[in-house]
Structure formats: C-alpha cells, structure tokens
Amino acid sequence: MNRFGLFSLTAPIVHLIGLIVLVALAMAGLAGTEFALSRYLANAIGQLAAFAVLAISLDLIWGYLGILSLGHGLFFALGGYLIAMYLLKHSFEITGTVPDFLQFMGWKEFPFYWDGFEFFPYALAAAVVITTLISGLFGYVSFRSRVGGVYFAIITQALVYVAMLLMFRNDTGFGGNNGMTGFTVLFGWPMGTSGMITALAVVSLLVLAGVLAGCNGLVKSRFGALMLATRDDETRLRTMGYETLRLKLIVWCLSALIAMLAGMLYVPQVGIINPRVLSPELSLEIAVWVAIGGRGHLVGAVIGALLVNAVKFWLSFAAPEIWPFILSGLIVLVVLVFPNGLMDLAKFKLMRPMGPKRLAADMGEARP
Amino acid sequence: MSLTALLVDGLTVRFGSFRALDELSLAIDYGEVRAIIGPNGAGKTTLLDVISGITRPKQGRVLFDGAIDLTGLSEAAIARAGLRRKFQKPSVFEGLSVRQHIAIGADVGFRTRLDAPALEDRVGEVLEIVGLVDQSHRLAGELSHGQKQWLEIGMVLASDPKVLMLDEPVAGLTDEETERTAALVRALKRPDRAIVVVEHDMDFVERIADRVTVLHEGRTLFEGSMDKVRADAAVVEVYLGR
C-alpha cells in the first residue's frame, strides 16, 4: 500500500495487463501447432498492440497532465524511421539488397549518416537520443514560455506537418515519398515468416503490458498525484513551491519516448514506413482513440485504440468508404455525449449536461 | 530574522493605462494579522499577485525578511522561501483527495522528503486544524464551497509558512462557517509568522485583524486599527459609506 492509493488486485488495469500477458503467452505457446493464429490475425494483434502503446503515450500527457498534443505521430514516425534504417542496413549487410530509394536516386551507397545503423544497439540509442532531444527542446521552449492548451495543440500539429513536408523530399536520404520498405532480415532472421510475425506480435504485447504497468506505477505515485495537480490547477501547484516546468518536461519526453517505442514495434510489422505516418490525420486519430476510450484512464486509452483500430481493420475489408463517417460520428458522440469516452458509459454518467454547455465546459478545461 | 516580514517599496503595476498599484509602499511585521481592504479595483489581489510572483511589477520591489527581493523570483521559489497564498476563488485539485492535497503542501518535491510517519503526522495535524479529518479520502471536487476554502487554507498551512496570504477566505461562507474561519485565522497567529488577509467582510476583518490597510486606486489610503478605519472620514467617503 502506498500513500496515494491502493494497488488493488481487482483493479481493471491489473486484469488488462494479465489478459495481455496471457494472450502473448498463448500465441507464443501455440506457435507452429495447428491451433496457431493465422498470419493475418497474428499480425493484426501485433499492430493493435503497437497502437495501444501509442495511445498510452498520448493519454499520459493529455489525460494525466492536461496537455493535448496533435503531433504525436512525429515521435511515432521517429521510432519507425530509425528502426527502418536499422532493418535496411542490416538486410543490406546480409543479403546485399540495395534499398529501392537509393536505386531511384541513383545513389551507389548509403549516405554517411546511415553509418552504424546496421548495429541495433546504435539504432536504438540514436532513436532514444534524437527523440529526447527533439521533444526536450520543443517542450522546453513551449513550457518555458507557458504555451499551453489549444495553442500548444496547434503548434504540435504544425510541427508534425513540417516534418511530413521534410520527409516527402527525395533528396534527404530517408526514402522520400516512397518511404522505406523491403525489410528482409531482422536480427539475422528472415522476415515475413509466421514465426517472425508471431514473435513480433508477442514482443509488442509484452511491451504493451510493460508500458501499462510502468505508467500505472507512475500515475499512482506521488509524482502522478503532482501530474494530476498540474492538470487541475498549474498556478496553484507552482505557488506551493513546485517547478511545474520540470514536471511537464519530464512527462512530455517520457511520452515522446513511449510513442517512439510504439513506432519501433509498428514498422517491422507493417513492413513499410513513409511520410504518411506524419500526416496530421494520424496524429488527430490518436487523440480520437484516447478520447473514445476515456482520457485520464490507461485502460481507456488501450480499449479506445483497440476498438477504433479493430473496427478500422475490419471495415478496410468490408466497406472502406464509410470509415471516415464512422470516425466522425464517434468524435461527435464523444464531444457531445460522452466527454470521458467509454469511461462515462462504465459509470453510467449519461445524465450530464449535453450540447453547447458541455462543449463550453470542455473547451474551458483545455485552456492553459 | 528581521522584525518586518514584508516590505513593499514603491510598487507600480500597470495593466494598459490602468494603474493597479501606484507606487505603493507598506510594511507588514512578523506576529501580526494584517487585513487589506478597499473597494473593487483598489489593487488588493494585484498586491498578492506581485508578492507571490504571479504578476511582475513595473517598478518597485518586495523585500521578504529584510533581505530577499521577491520581484525577480519564480512563483515556486517564492513559495519555497516560505510564503504561501490562498486564492480568491478556491483553487483545489479536483482529481485528488483531501489527504493528497495536504501531503503535497506539507512536503515540497517530486519525491517525499519527510519519512512516511512524519508526513502522516503532519497531514493528520493539519486536517485536525482545518476540521477536515472526516473528509480526508474524499475527492476535492466533491467538497462543498466552505470545505474547499478550508482545504485550501490547509494546503498552504501544511508547509508551516512564514507569510500566509489569504485572499477572501470567507467569501461565500455561511455565518457559522465565517465564525469558524475567524477562530482558525486567530489560532494561526504566531510571533514568527505574518498573516495577510484580503477581505470585504468588515465584521470578519474586525475580529481577526491587528491592523488594517485601506487601499484606494493602488495607493494606501489609511493604515491603523479597525476602530480608527471606521472613524476616518476619507475611508468612509470612498469605501465604507458607499
């Protein structure tokens, strides 16, 4: 027991973590037997797990700290691009496959800044350092000038858009508009086999469980209580002696790193990364997952990401053209009827004020 | 320790062409309860904003304890120096329990510095003082207005401040709650603490204040005991006799 709340075995988060680990173990145990999941399903589960990690990263700063980012795709893409660089360099070393984009550009060899990326620890370290630097610098400048609320959200959206324009250029040596694809080897193993697909999905699920447990520990700690205090009344907390700038910066960078991790899990499973990951739509969609699941609840973020993406996966077969309408409908529902997403349904809070009053109250909350 | 807790020296704050504070000077001593009164717009809350670091003055300085100029420090640094403030509108953290509020006030830092039993004792003590023992596990968002006012006093009190600023502590309270708050403020008086209260309720001010400063248009109009304030013709003119 700690001073800021009980860690109960009956808490939904414990059940969710248990369930995720169970699915991971079952997938690992059944691999290669006749009961194994189809490659498509195993791959879908792995991708969903990566999205759930991404949703948690946004919930951590939006739900618990009150800072909405509409540019988290940037950090997701950073992780994705850097793991793709490792995969291409590594595949090239083993099989001699020259990446498509180098051939398109007529380049004989990798640009110098690709040096070392064939070595996984280097790629991982580069991802951590670059993500921390970019998020740290951006966060410091913004929080230092006390930019928050809607203004911060707009700047993050602009940032991801700028990154997309940059990555669309073909002369940067990062794949340009075609992106990076043709990953054939991972850690010396061929990619695309059912064993590899299952392994990636299992790793993604285990990382998801770990990130959930870690974030739950964080938000239940004294530091987590201070995060909520910052969200509810930052000036009040400052005038009690707390440098909220440091707190916000720490959580912001942590959130960026978790989003980066999600990107590193996602890209090997889809086999491609291109600048569309940096489109404002994806970054907006992450916020929708969290809003639908219920911001300020880790379980809600995971459920939101799983639910919305599961429907999306399914509709991409059944009726791809109606997906935007369903997504927009969900957004309208969340804004007008369920401000706390599915968590409202769980608590039967259906009798709260609706419509413009509700909207006004929520917009008020988003202010700095 | 100097005798003067706060020395406000030639403070000017402007919002556009409006002078919220106009070369205001005043001194507040340790051991006293000082009430600051004045009509709306007289600069009372602005003065507290400058002392707590929320508003930067255009001119002048605020010396704490005879040595530290507060006008260049951050809100957090001022709070850590021992000055705490309750806001006009009850400012509590809706998502945290009463107990968590007091713990955050008692022990500044991302990690606890006090050991667990010491923190428990301090939290229990403060809850006792502000009369919220029975509410300790409730969320602040669920409290009544009066309980929120006391919770906020508890939060700022928990750190054992040298300067305690209370901005309208009895606004919106019932007579009984006002009574209890007056007793509480008197009980908080200590030789090594200055208490500054901004309030409109004159009966409350009379009960708690050792001295009263009347502000008008960003300047001191009068300073003295409540009896003398009530008798002063200029004060009656601008404020009491409206």
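Student: Which residue of β8(B) does B:Met165 stand opposite?

Tutor: This is a predicted model, so the values below are computed from its coordinates. Strand β7 (residues 163-167) and strand β8 (residues 194-198) of chain B pair in the parallel sense, over five bridges. In that pairing, the residue opposite B:Met165 is B:Val196.

Student: In what order do the strands of the six-stranded open sheet of chain B lie?

Tutor: The pairing in this sheet is mixed. One parallel pair is β6(B) with β7(B), joined by four bridges, and there B:Arg84 stands opposite B:Leu164. From one strand to the next the twist averages 20°. The order is β6-β7-β8-β3-β9-β10.

Student: Why is one side of β6 and of β10 of chain B left without a neighbour in the sheet?

Tutor: β6 (83-86) and β10 (219-224) of chain B stand at the edges of the sheet. One side of each is left without a neighbour because each has a single partner strand.

Student: Which residues of β6(B) point the opposite way from B:Leu83 and B:Arg85?

Tutor: In a regular strand, side chains alternate between the two faces of the sheet. B:Leu83 and B:Arg85 point one way from β6(B), and all four residues named for this strand are buried. Pointing the other way are B:Arg84 and B:Lys86.

Student: What angle does the direction of helix α5 of chain B make with that of β6(B)?

Tutor: Helix α1 (residues 44-51) of chain B packs on the sheet and touches β3 (33-37), β6, β7, β8 and β9 (211-216) of that chain, with its direction at about 145° to that of β7(B). Helix α5 (residues 145-157) of chain B also packs on the sheet, touching β6 and β7. For α5, the angle with β6(B) is about 175°.

Student: Which residue in β5(B) stands opposite B:Leu63?

Tutor: Chain B also has an open sheet of four strands with antiparallel pairing, in the order β2-β1-β4-β5. Its edge strands, β2 (18-29) and β5 (68-69), each pair on one side only. Two bridges join β5(B) to strand β4 (residues 59-64). Opposite B:Leu63 is B:Asp69.

Student: Is A:Ser135 buried or exposed?

Tutor: A:Ser135 lies in helix α5 (residues 120-144) of chain A. Leaving out residues up to four places away in sequence, A:Ser135 touches A:Phe75, A:Trp252, A:Cys253 and A:Ala256. A:Ser135 has 24 C-beta neighbours inside 10 Å, and the cut-off is 20 or more, so this residue counts as buried.

Student: How far does helix α11 of chain A reach from its first C-alpha to its last?

Tutor: Helix α11 (residues 280-293) of chain A has 14 residues, and its buried residues include A:Trp289 and A:Ile292. The helix is followed by A:Gly294, whose phi is positive, near 120°.

Student: Which helix gives the most to the side of chain A that touches chain B?

Tutor: In this interface, 19 residues of chain A are in contact with 24 residues of chain B. By class, the chain A side has nine nonpolar, three polar and seven charged residues. Helices α8 (222-232) and α9 (234-238) of chain A each supply at least two residues of that side. The one that gives the most, with seven residues, is α8(A).

Methods. Residues are numbered from 1 along each chain as its sequence is written. Chains are lettered from A and ligands numbered from 1 in the order in which they are written. This is a predicted model: local features need pLDDT of at least 70, side-chain atom pairs count only at pLDDT 80 or more; totals for chains, interfaces and linings use all residues. The expected span of a helix is 1.5 Å times one less than its number of residues. A residue is buried if 20 or more other C-beta atoms lie within 10 Å of its own, exposed if 12 or fewer, and partly exposed in between; C-beta atoms are placed from the backbone. Two residues are in contact if their C-beta atoms, placed from the backbone, lie within 7 Å. Ala, Val, Leu, Ile, Met, Phe, Trp, Tyr, Cys and Pro count as nonpolar, Asp, Glu, Lys and Arg as charged, and the others, Gly among them, as polar. Two strands pair if DSSP finds at least two bridges between them. Axes are lines fitted to C-alpha atoms, for helices over the stretch in contact, and angles run from 0 to 180 degrees between N-to-C directions.
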